[in-house]
Amino acid sequence: MGENASFWESLIYAHPTCVTWKQQAEGSIYHLASILFVVGFMGGSGFSGLLYVFSLLGLGFLCSSVWAWLDVCAADIFSWNFILFAICFVQFIYVTYQVRSVSFDKEFQELYTALFQPLGISLTVYRKIVLCCDAEVVTLEKEHCYAMQGKTPIDKLSLLVSGRIRVTVDGEFLHYIFPLQFLDSPEWDSLRPTEEGIFQVTLTAETDCRYVAWRRKKLYLLFAKHRFISRLFSILIGSDIAEKLYALNDRVHVGKGFRYDIRLPNFYHTSLPETPPVPPPRRLQRRSSGRPRPGVPNCSSPRKQ
């Protein structure tokens with residue numbers, strides 16, 4: 001304890017205390033460096049935040065070096081500030097190179113701006129998603145099928161970039177798929193990573209379409225490495241399925257008779273809810289008991305195919 005006490009005492013009291021303080025303030029360069037430090041430490045995250053922090057801190061250390069060289073005339077203060085300025089400068093160049101290296105084609109850039117950037121996804125994370133699909137945009141010509149009912153295996157996840165896709169079952173129209181929507185989100189969500197399946201619907205291009213496709217196994221490997229990307233796709237796919245269900249429900253309520261329901265791939269027909277008819281008078285009810293009323297279809301409940 002005595003040795004520790006002597007160490008701290010020598011550290012504190014070894015230097016003479018300041019008896020008289022300088023009356024004049026330091027030069028403007030010193031105060032400019034302090035302001036740059038304060039503003040620089042207010043930077044955010046991401047590439048833009050790093051550029052902001054390193055640029056302002058670098059300028060602050062440069063001003064401190066100039067102040068130490070001209071006003072203080074202290075070689076050690078100048079050396080340390082200049083070294084810190086050099087480190088900030090190198091970091092700024094490195095981050096700038098990373099930002100410039102993260103460049104995409106026009107369609108991928110538009111996809112990032114429209115879908116991923118509003119969710120706060122950084123360019124580095126988006127680059128991993130793009131590299132997973134080999135940075136390739138696939139073209140689907142008009143009236144060509146992306147998937148055929150009962151034939152095409154579910155081995156990828158695709159996102160429509162441009163065009164319009166028509167979804168049908170046994171020739172019956174279900175709904176459209178528009179840009180920034182997944183082509184096969186219900187099929188993807190219905191299978192586990194180890195399961196295999198085939199499409200229960202037919203997807204046909206109504207116009208010339210462009211889409212991005214991620215292979216199933218490769219995408220699951222990306223999910224295993226980056227849980228954040230897995231949660232991101234889970235949210236996107238869930239939102240996409242909800243939009244398809246709303247579109248299909250609109251189709252069911254507007255149409256007449258029977259329509260197909262994408263929510264239940266094993267149930268093909270869904271009847272419309274009808275307003276219950278007004279019960280007839282008792283005399284008419286007795287006469288018509290046991291007979292179907294004319295004009296009212298006798299619909300049985302849907303069964304599994």
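## Loop between α6 and β1

A135 counts as partly exposed, because its relative accessibility is 35% (partly exposed lies between buried, under 20%, and exposed, over 50%; 1.4 Å probe, protein chains only). A135 lies in the loop between α6 and β1. Its phi is positive, about 50°, although A135 is not a glycine.

D134 is found in this loop too, between α6 (123–132) and β1 (137–140). D134 also has a positive phi, about 65°, and is not a glycine. Its relative accessibility is 53%, so D134 counts as exposed. Most residues other than glycine have a negative phi.

## Basis of the model

This is a predicted model: local features need pLDDT of at least 70, side-chain atom pairs count only at pLDDT 80 or more, and totals for chains, interfaces and linings use all residues. Residues are numbered from 1 along each chain as its sequence is written, and side-chain values use heavy atoms, without hydrogens and water.

## Helix α5

F108, L111, Y112, L115 and F116 of α5 are buried. They sit on the same side of α5, because they cover an arc of only 100° around the axis (taken from the directions from the axis to the C-beta atoms). An α-helix has 3.6 residues a turn, so residues three or four places apart point the same way.

## Three-stranded sheet

An open sheet of three strands runs in the order β1-β7-β3, with antiparallel pairing (pairing takes at least two DSSP bridges). β1 and β3 (156–162) stand at the edges. Each has a single partner strand, so one side of each is left without a neighbour in the sheet. Neighbouring strands are turned by 35° against each other on average, direction ignored (axes are lines fitted to C-alpha atoms; angles run from 0 to 180 degrees).

β3 pairs with β7 (residues 209–215) in the antiparallel sense, over six bridges. S158 stands opposite A213 in β7.

## Second largest pocket

The second largest pocket holds about 200 Å³ of space (a pocket is an open set of points on a 1 Å grid, for a 1.4 Å probe, with protein on both sides within 12 Å along at least five of seven lines; lining residues have an atom within 4 Å of a point). P153, I154, D155, P193, E195, E196, G197, R216, K217 and Y220 line this pocket. By class, the lining has four nonpolar, one polar and five charged residues (Pro, Ile and Tyr are among those counted as nonpolar, Gly as polar, and Asp, Glu, Lys and Arg as charged).

Note on methods. Helices (H or I, at least four residues) and strands (E, at least two) are DSSP runs, numbered from the N terminus. Grid points are joined across faces, edges and corners, and a volume is the space filled by probe spheres set on the points.
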